[in-house]
Amino acid sequence: MGDSTFLDRMLLQLRSTCKYYSGYPKDLGPSRVLHFTSEREFVQLLHQGYPVVVAFTIRSNYTQHLDRMLEEAAAEFYPNIKFMRVECPKYPGFCITRQKSEYPFIEIFHSPQQAGNEGKVQDPNVTRYSVKVVPYNYDMSPYGFREFFKRQGVRTSDPK
């Protein structure tokens, strides 16, 4: 039975020292993942100037794993990067505009800029914006998000 206590000590040591060990539930505090409620709220979130990671999901076993990884990443990158989850069956219009057929998928929205008025004459009260959208195809973990942000040049922390 001496091995059992050694194993327990080894697992406790692993859990306390290994930053990317994801097999043990972590206390992340209150959820930092925002839930999509309207396109207007989404646009207001973009205007805050932070990159927004949006997970387009449907309910499945894989989505539960994705939710846990999003919670961890949102807790790690808060407040410099916002994370949002869209349940596509509730908001099909927003998901259909992304023109994807396989769920879940993740896209990162950042750098909103006012767009020019090309084409038709539009209502002068409407302001159009263009946003850089990057599909996410890395590992679904905080480490994967960190590496992706490095490669894309997205700032994940405040300058010191």
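Modeller: Because the model is predicted, local features need pLDDT of at least 70 and side-chain atom pairs count only at pLDDT 80 or more, while totals for chains, interfaces and linings use all residues. Residues are numbered from 1 along each chain as its sequence is written, and side-chain values use heavy atoms, with hydrogens and water left out.

Colleague: Why is phenylalanine 6 called partly exposed?

Modeller: Buried means under 20% relative accessible area and exposed over 50%, with partly exposed in between (1.4 Å probe, protein chains only); phenylalanine 6 has a relative accessible area of 47%, and is therefore partly exposed. This residue lies in helix α1, residues 2-17, helices being DSSP runs of H or I with at least four residues and strands runs of E with at least two, numbered from the N terminus.

Colleague: What makes arginine 155 count as exposed?

Modeller: Its relative accessibility is 54%, which is over 50%, so arginine 155 is exposed. Arginine 155 is found in the segment after α5, and its C-alpha atom is separated by 9.3 Å from that of tyrosine 50, 105 residues apart along the chain.

Colleague: Which residues touch the most other members of the largest nonpolar core?

Modeller: A nonpolar core is a set of buried Ala, Val, Leu, Ile, Met, Phe, Trp, Tyr and Cys residues joined through side-chain atoms within 4.5 Å; of the 19 residues in the largest one, these are Val53, Phe83, Ile106, Phe145 and Phe149. Helix α3 gives the most to this core, with five residues.
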